[in-house]
Amino acid sequence: MAHSADKPVVLVVEDEPAQREILSYNLQAEGFEVLRAEDGEEALMVVAETPPDIIVLDWMLPRVSGIEVCRRLKMRPETASVPIIMLSARSEEVDRVRGLETGADDYMIKPYSVIELMARVRVQLRRTRPASVGARLEYADIVLDSEEHRVFRGPSELKLGPTEFRLLSTFMEKPGRVWSREQLLDRVWGRDIYVDTRTVDVHIGRLRKALCMHGGDDPLRTVRGAGYALG
Ligand code: CA
């Protein structure tokens, strides 16, 4: 289940093959990495192996229902913050309420417009993975424009290599969060690429140098035995 670094990973859970393929095709065309599952049980297995950035989840599924998948994922601290968009053929208000009560972040009634679904996926990712959808991120005097791929500190533009840029956008999406070297490897280099964890230290060193090139304090913090954090 290889996926390249930095692309947002979407899990599509849909038991109807044609619908699953249309959705996957459109998401891939929009630059997402797509994982697929055809029933609730498979969805839970995929999530355990490769936590996605967002899940598009059909309500009516064989084995474990979409509602149950949603309920279980929202109960676990490791997966509770992954946005879930539920799809359902039912249109009754009561079902909509039930869907949101189980913790779904959004809800669409079939037949839905693929364009609208893409827009809603972006809305959710703007909240949880802002750099992946071209947002502008700010932290103290650092500004990262993920659409134009430019970074400024105060009035000066910084020159960052591609790896340093991805590292910085990862940090800027969640200031204060401590990332272990393994987590940074997964996010920045990709899950299936073998890179020594010391490589992370090398690129952190380069990022620090670039950030302080025109003066200013080092905003990156080394957390002993844990990893790195911004601020
Ligand atoms: Ca279904």
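**Q124 in helix α5.** Q124 is buried, at a relative accessible area of 7%; buried means under 20%, exposed over 50%, and partly exposed in between, with a 1.4 Å probe and protein chains only. This residue lies in helix α5, residues 114-128. Helices (H or I, at least four residues) and strands (E, at least two) are DSSP runs, numbered from the N terminus. The side chains of Q124 and R127 are joined by a polar contact of 2.7 Å. A polar contact is a pair of N or O atoms within 3.5 Å; within protein, one must be able to donate a hydrogen and the other to accept it, and residues adjacent in sequence count only if both atoms are side-chain atoms. Leaving aside residues up to four places away in sequence, Q124 touches I54, P83, I85, D105 and D106. Contact means heavy atoms within 4.5 Å.

The model is predicted: local features need pLDDT of at least 70, side-chain atom pairs count only at pLDDT 80 or more, and totals for chains, interfaces and linings use all residues. Residues are numbered from 1 along each chain as its sequence is written, and side-chain values use heavy atoms, with hydrogens and water left out.

**The calcium site.** D15 (OD), D58 (OD) and M60 (O) coordinate the calcium ion at 2.1 to 2.4 Å. Donors are N, O and S atoms within 2.8 Å of the metal (3.2 Å for Na, K and Ca); water is not among the atoms, so sites may look incomplete. Along the chain, the donors are spaced as D-x42-D-x1-M. D58 is buried, at 3% relative accessibility. M60 is partly exposed, at 49%.

**Helix α7 and its neighbours.** Helix α7 covers residues 181-189, and its buried residues are L184, L185, R187, V188 and W189. They pack against α6 (162-173), α8 (197-211) and β11 (227-230). Just after α7 comes G190, with a positive phi of about 105°.

**The setting of these views: the whole chain.** The protein chain has eight helices and 11 strands. Its radius of gyration is 19 Å, close to the 17 Å that the globule rule gives for 231 residues, so the chain is as compact as a globular protein of that length. That radius is taken over C-alpha atoms, and the rule is 2.2 Å times the number of residues to the power 0.38. The C-alpha trace spans about 60 × 35 × 30 Å along its principal axes. Of the 231 residues, 49% are buried.
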